[in-house]
Amino acid sequence: MSDDFVSIIDKDGKAPKGKDPGLSKEALQRLYRLMVATRLLDERGLAMQRQGRIGFYLQSTGQEASHLGAAFALDDGDWLFPAYRQPGILLLRNVGIDKIVSEWLGNSGDTSKGRQMPVHYSFREANFVSISSPIGTQLTQAAGAGMAARIRGDDTVFMTFCGDGGTSSNDFHTGLNFAGVYKAPVVFVCENNGWAISVPQKCQTASETMAIKAQAYGMPGVRVDGNDILAVYSVTKAAVDRARKGDGPTLIETVTYRMASHSSSDDASRYRDAKEYEAWKKKDPIARFQLYLKGKKLWDEKFETEVVETTKAQIADAVKVAEARANPAASTLFDDVYMNLTPQLKAQRQELADLIAKGGVGAEIGHFPL
Ligand SMILES: Cc1ncc(C[n+]2csc(CCOP(=O)(O)OP(=O)(O)O)c2C)c(N)n1
Ligand SMILES: [Mg+2]
């Protein structure tokens, strides 16, 4: 893998003048809080899966700088078409933690009414489009939304994410090709974490980098240190500005590492060398940013304790609230597919309601863990 990428925070935590994006004290501390909250929420999610309280979980540990730095460059009205490893964006966009946990549980507080896999969020109020399980499909969706905005003449920007494995999908080609041809205002962020489940990058693509793939689509490709939040923010901000001006899309490759297994169903120790993990552990994006903040007198032990304790309490409260919510009502099975239910579906809905009222089979259906 090429080591050539944009980086700002050096090993001593310093950012050279001229390269430092000069974010305000408030913005820097907020970003730190968000990184820590994303990590803590992630740990809680996996713990809940191991305790049998949720069916599945997928961690983002180690990739906090990569997705938070990128999304921080957007305006509030801009849209996100994420993959499944960017949960920090929900916190950045002020989605309540109880709503996030409700999605894991698939209960009545879940936007998707329990029809999605855990961590496949959908938050209209945050301009956060439903996460799709099939790899890469969000790239074409973002390209299409960007093309539509350009035709409408508004200046909204669309940011979409994929992994290194995602660059091998059909939709990567289709999405980047359309966006390039139509100069769609899209920022494509490829989080290169070295692995696509158990497939290492070198077995995934013969391309030296992911960023270089941009050339074929007539757009700039930028490779950035994905564990350096200031570097990710800076290159993404330039891409967002470029898109908003009407100069078209950019592909950004954030070089990072998947610190955890692929998901709660996977065990990375069966195919990954522990030495690789240990080497990346030393490059932890939170520790890196902490050192920078410390140098600017924006971080000390007292601040750390406050951030960690406050966040843990917020997560604990949210889990309590979410776990107290009921399952979605059985009748919701019939919602949201047809604007007007077909006569057959109306009859089936009634039949189910009657069964539940009688306390027969329908009662069990009502308890089915949707
Ligand atoms: C079209 C499609 N093919 C295969 C899969 C199975 N699958 C789920 S995640 C994944 C790996 C994706 O790796 P990458 O894009 O690098 O993202 P990462 O998980 O590393 O964030 C695969 C192959 C899928 N969901 N969709
Ligand atoms: Mg990957």
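Domain bounds, as used here, come from an automatic or database domain assignment, and the model to which they are applied is a predicted one.

**Exercise 1.** State which domains the assignment gives for the chain, and how far apart their C-alpha centres lie.

*Solution.* The assignment divides the chain into domain 1, residues 25-323, and domain 2, residues 330-367. Taking the C-alpha centres of domain 1 and domain 2, one finds a separation of 37 Å.

**Exercise 2.** Determine whether strand 2 is enclosed or open, and describe which way its residues point.

*Solution.* Start with the cut-off, by which a residue is buried if 20 or more other C-beta atoms lie within 10 Å of its own. Six of the six residues of strand 2 (158-163) are buried, and the strand is therefore largely enclosed by the rest of the structure. Next, consider direction: Phe 158, Thr 160 and Cys 162 point one way, while Met 159, Phe 161 and Gly 163 point the other way. In a regular strand, side chains alternate between the two faces of the sheet.

**Exercise 3.** Identify the strands that pair with strand 2, and the unit it makes with helix 6.

*Solution.* Strand 1 (residues 79-81) runs parallel to strand 2 and is joined to it by three bridges, with Phe 81 having Thr 160 as its bridge partner. Strand 3 (residues 186-192) also pairs with strand 2 in the parallel sense, over six bridges, and here Gly 163 stands opposite Glu 191. Finally, strand 2, helix 6 (residues 170-181) and strand 3 together make a right-handed β-α-β unit.

Technical notes: Residues numbered from 1 in each chain as written. Chains lettered and ligands numbered in written order. Predicted model: local features only at pLDDT ≥ 70, side-chain atom pairs only at ≥ 80, totals over all residues. Buried ≥ 20, exposed ≤ 12 C-beta atoms within 10 Å, placed from the backbone. Helix = DSSP H or I, 4+ residues; strand = E, 2+ residues; numbered from the N terminus. Pairing = 2+ DSSP bridges. Right-handed = clockwise from strand over helix to strand, strands pointing away.
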